[in-house]
Structure formats: C-alpha cells, structure tokens
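Biologist: I would like to go through this structure feature by feature. Please give the general idea each time, then the case at hand.

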Amino acid sequence: MFAKLRKYVITGLLIWIPLGITIFVIRILVNLMDQTIVLLPPAWRPEALFGFNIPGLGIVISALVIFITGFFLTNFAGKRLIQGWENLLDRIPLVR
C-alpha cells in the first residue's frame, strides 16, 4: 500500500515540477520581453495610445524586430556576408 502511494506521489511530482518550471520560465521571458516596450517613444507606448497596458505586446514587438532584421540581412547585407564567409572557407584546405 505504501509503495503504491509513493509511486503515485513521485509520478505526480514528475508531471507537475517540469510543468511549473516551464510556466515560471515563460512568465520570466514574457516579462523580460515586455520591458522592450520602454524602447518605444512615449507617445507610441500602449499606455499612451489605449490607456492601459497590453501584456505580451513586448513579445510581438521583439519578434517583429527580429523578423525585420533577418529579412534585411538575408536579402541585402547577408548575401555579401555569406559570400565572404564561403570565400574564406574555400581557402582552408581541409574545410573545402
């Protein structure tokens, strides 16, 4: 009887502890990314535009900045950078 009880407790802990840690880490990341809103001009912040804070908007803004940066570097500056890196690697005998 005690062995089954211990088995159920351990199984429950193996489910809830990783889930709790995941939720904790996600909350920290969302709060951290929401701090990127302070980089916006004060007139563009959600508090000034809508009169209230929008949780998670920092994630959207961060993802948008990352996407635009990746798009720009891939299509414009990235081609030259990749070509230069490949030329450098072609000069190394074992890497070719």
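Biologist: Where is Leu32 placed, and is Leu32 buried or exposed?

Modeller: Leu32 sits in helix 1. The model is a predicted one. A residue counts as exposed when its relative accessible area is over 50%. Leu32 has 56%, so Leu32 is exposed.

Biologist: Which residues make the nonpolar surface patch with Leu32?

Modeller: The patch covers about 1,100 Å². Besides Leu32, its members are Phe2, Leu5, Val9, Leu13, Ile17, Ile21, Phe24, Val25, Ile28 and Leu29.

Biologist: How does Gly20 count in terms of accessibility?

Modeller: The class between buried and exposed is called partly exposed. Gly20, a residue of helix 1, has 37% relative accessibility and therefore falls in that class.

Biologist: How far apart are Gly20 and Gly51 in sequence and in space?

Modeller: The two counts are kept separate. Along the sequence Gly20 and Gly51 are 31 residues apart, and their C-alpha atoms are 33 Å apart.

Biologist: Where is Gly56 found, and why does Gly56 count as buried?

Modeller: Gly56 belongs to the loop between helix 2 (46-50) and helix 3. Buried means under 20% relative accessible area. Gly56 counts as buried because its relative accessibility is 18%.

Biologist: Which residues does Gly56 touch, leaving out those up to four places away in sequence?

Modeller: Gly56 touches Val30 and Asp34. Val30 is 26 residues from Gly56 along the chain, with 6.3 Å between the C-alpha atoms.

Biologist: Which residues of helix 3 are buried, and what do they pack against?

Modeller: Gly58, Ser62 and Gly78 are the buried residues of helix 3. They pack against helix 1 (2-34).

Biologist: Where is the kink in helix 3 centred?

Modeller: Helix 3 spans residues 57-90, and its kink of about 70 degrees is centred on Gly78. Gly78 is also one of the buried residues of helix 3.

How values were computed:
Residues numbered from 1 in each chain as written. Predicted model: local features only at pLDDT ≥ 70, side-chain atom pairs only at ≥ 80, totals over all residues. Heavy atoms only, no water. Bend = angle between axes of the 7 residues up to and from the residue. Helix = DSSP H or I, 4+ residues; strand = E, 2+ residues; numbered from the N terminus. Buried < 20%, exposed > 50% of the residue type's maximum accessible area, 1.4 Å probe, protein only. Contact = heavy atoms within 4.5 Å. Patch = residues over 30% accessible without salt bridge, like charges linked within 9 Å, V, L, I, M, F, W, Y side chains within 5 Å. Areas by Shrake-Rupley, 256 points an atom, 1.4 Å probe, with all protein chains shown as cover. Salt bridge = Lys/Arg side-chain N within 4 Å of Asp/Glu carboxyl O.
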